[in-house]
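This briefing goes through a single structure, topic by topic. Please keep the sequence and the 3D view open while reading.

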Amino acid sequence: MSDPIAYERDGDVAVLTINNPPVNALSQAVRQGLMARMDQAEGDAGVKAVVIVGEGRAFIAGADITEFGKPPMEPSLPDVIDRIEASPLIVVAAMHGVSLGGGLEVALGCHYRIAVPSARIGLPEVHLGLIPGAGGTQRLPRVAGVQAAIDMATTGRHVKADEAHKMGAIDVIEDGDPKAIGIAYAQQLLDDGAARRPVSEMPSPEGIDWDATYDAVLARGRGQIAPAKAVRAVQASVEKPFADGLLAERDIFIELMNTDQRKGMIHAFFSERAVSNLPELKGVTPREIANVGVIGGGTMGAGIATAALLSGLRVTMLEMTAEAGEAARGRIGGNLAGALKRGKISQAQHDAIMDKALQVSTDYAALSDVDLVIEAVFEDMAVKKQVFTKLDEVCKPGAILASNTSYLDVNEIAACTKRPEDVIGLHFFSPAHVMKLLEVVVPDKTAIDVVATGFALGKRLNKISVRAGVCDGFIGNRILSTYRQAADQMVMQGASPYDIDAALEAFGFAMGPFAVADLAGLDIGWAVRKRKRAEGTMPDGATYADKMCEAGNFGQKTGKGYYDYAAGAKARVPNADVMPLIEEDRAGTPQRSFTADDILRYYMAAMVNESAKVVGEGIARRPLDVDMTLLFGYGFPRYNGGPLKWADIVGLDDLLGDIKSYAETNPDFWAPAPLLEQLVAEGKTFDSLNQ
Ligand code: T1G
């Protein structure tokens, strides 16, 4: 492998160019190269300054994450940065694209920093379950103050160049070629007789109320620990001499490196990038999509139309009546007004979308020239078939016909057209212009370029697209219905819905299953139960949940459900009418007590077992597909990596043991997934199937 650090001279200035595509990660070779090139520059007669610059799209995107969890390799990044800072030569960082984590730490190890206006800096280590480990929490406070350092190290947000300049992290903003502006700046500093300016020798910044800040950041983390730990590291930059502060930071960094949260978050980092990379799509050209039709302007249809419009596509919204059409335009307008308010689009963009890019019609013929139609009508097979039969008649050859159904059989829908190869499921999550997840549901006869187009659309809409096979509920809703049943089982066996919610919220979910049910509306489940009873696929006899609905307790929308929202959603309290109804239903069912850990293991065992069946049957290609589905569509806490990563971390043996013990009283529901039994028998993990 060629040396990742190029060396050249420009007068008195030596230029070190980092070239480690795609993002100049600080791999061992890059670290070794920086050490060697600094030696070369200091040994190169006449050199008075050094410029460090990145080749390609970024300065440096940080430490090489692929090295984490493996034995550390010399030189360490702190050693490289200390070496750069200690150089007798003036060292300038010339920054463009991103300077993240170790990349910003390298820049802070330089004596001066210049950046192009589009540059961004950040300390995103908390998104990997870590904190900066090479001086970021010690040097940044010295140049930018404690508040800015706390903000950047605990949020991991990317900071634009002008804000970074204002806070003192960047000295000069200059447009142009990064290397050229770096050399000119270094020469200017030499001409001005500027001194070396090691950040480590700058005075410690002012302190703050550390405990209050720590507690606030911890609460905000909802169980994630790294952000709060970053506060303690920045505290050391104020309370300790620099060298001791570095050691304190390193201790916290190594402590976090050995946590399950770090494993979960790095799994999420790489899985998020791998989930849409399907081998069968390599070299497959997606079809051109410029003009999209959406049928059904309800909440889902309007959200899908909004997402498409925000990505620059033209949209024709089809509704059955002019009134419904106007209502749809109103919903889309509301969504766009929100995007305008959040600064995602300008007023001009907003107006152009509403005046030109969006058309509303009640005539199917308006869809005759679209490249793709996404149907979002009522979840009823007969209605879906009617719509697709009509689309088959009016849409041009090569147009893709997609259904946003969340559980119906897409093969059956495709079969009612003469072009099943052009039919696909595109399952968005509400609100569709906000939620990141997109299930690309692939029926048996769908052409590979239609699948490729589904993923290309997902990328264009900035979604996390997951390939799903056809079954009831695809990946996400199928697994959801199983762990929801497990929650209901625990209620019948003696656990209170409130204890269950508390246990899952402590695990990191924003809301437990019963609070989520209240948010979604209990009347939805009630309607499903009534339909199933009418179809004879569900035993008669009202359950406590039916009685709650008969009493008008539909959840947040009626002010009462499992919880009473009289004092507001954030101040919800258990609805006193619920437990008596539950106790009535429990009559005759053996009761047991549930600790929070019992609840978590029961709930997660159901989630993992069903997830293993979904992978085992090929509905999901890899375990990471399930993990990303639950992370981006069902609120699974990112720092636990996803249900199957979590299962690997807690141990498949014990989980299978739990499942077998639960199966003693309920063998049908708790039949162990064959894939789980196989992995345990072979001593393997789910992660072994992600490779
Ligand atoms: N290490 C290794 N690979 C990386 C990487 C990194 N730091 N960053 C990106 N990649 C890979 C990525 O997996 C993908 O690979 C390809 O580059 C393109 O990335 C001591 C401990 C830079 C904003 O957390 O946020 O420094 O899928 O698809 O959308 O204190 O990548 O093509 O095979 O995401 O344009 C801190 C992580 C590390 C930044 C570009 N740094 N990266 O986004 O492209 S910890 C980070 C990003 C650290 C020190 C600590 C983004 C990006 P593949 P991409 P993108």
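I332 has its place in helix α13, residues 322–341, where helices (H or I, at least four residues) and strands (E, at least two) are DSSP runs numbered from the N terminus. The model is a predicted one, in which local features need pLDDT of at least 70 and side-chain atom pairs count only at pLDDT 80 or more, while totals for chains, interfaces and linings use all residues. Residues are numbered from 1 along each chain as its sequence is written, and side-chain values use heavy atoms, with hydrogens and water left out.

- I332 counts as buried because its relative accessibility is 0%, buried meaning under 20% relative accessible area, exposed over 50% and partly exposed in between (1.4 Å probe, protein chains only).
- Not counting residues up to four places away in sequence, I332 touches A302, A305, T306, L309, M317 and L358, a contact being heavy atoms within 4.5 Å.
- From C-alpha to C-alpha, I332 and V53 are 45 Å apart in space, and they are 279 residues apart in sequence.
- T213 belongs to helix α8, residues 210–221, and is also buried, because its relative accessible area is 18%.
- Once neighbours within four places in sequence are left aside, T213 is in contact with I150, I208 and V231.

**Surroundings of the ligand**
- There are 24 residues around the ligand, of which R57, A61, E105, E125 and R273 come nearest, and a residue is counted here if one of its heavy atoms lies within 4 Å of the molecule.
- A polar side-chain atom of E105 lies 2.6 Å from an oxygen atom of the ligand, and for E125 the corresponding distance to a ligand oxygen atom is 2.7 Å.
- In the side chain of R273, an N or O atom is 2.6 Å from an oxygen atom of the ligand.

**The cavity**
- The search of the whole structure finds 1 cavity of 30 Å³ or more, a cavity being a set of points, on a 1 Å grid over the protein atoms alone, where a 1.4 Å probe fits but cannot get out.
- The largest cavity holds about 30 Å³ of space, the volume being the space filled by probe spheres set on the points, which are joined across faces, edges and corners.
- Its lining consists of L372, I400, I424, L426, T453, G454 and L457, lining residues having an atom within 4 Å of a point.
- Strand β15 (423–428) and helix α17 (448–460) each supply at least two of the lining residues, and α17 gives the largest share, 3 residues.

Conventions. 1 Å grid on protein atoms, 1.4 Å probe; cavity = no way out; pocket = protein on both sides within 12 Å on 5 of 7 lines; lining within 4 Å. Polar contact = N/O pair within 3.5 Å; in protein donor to acceptor, adjacent residues only side chain to side chain.
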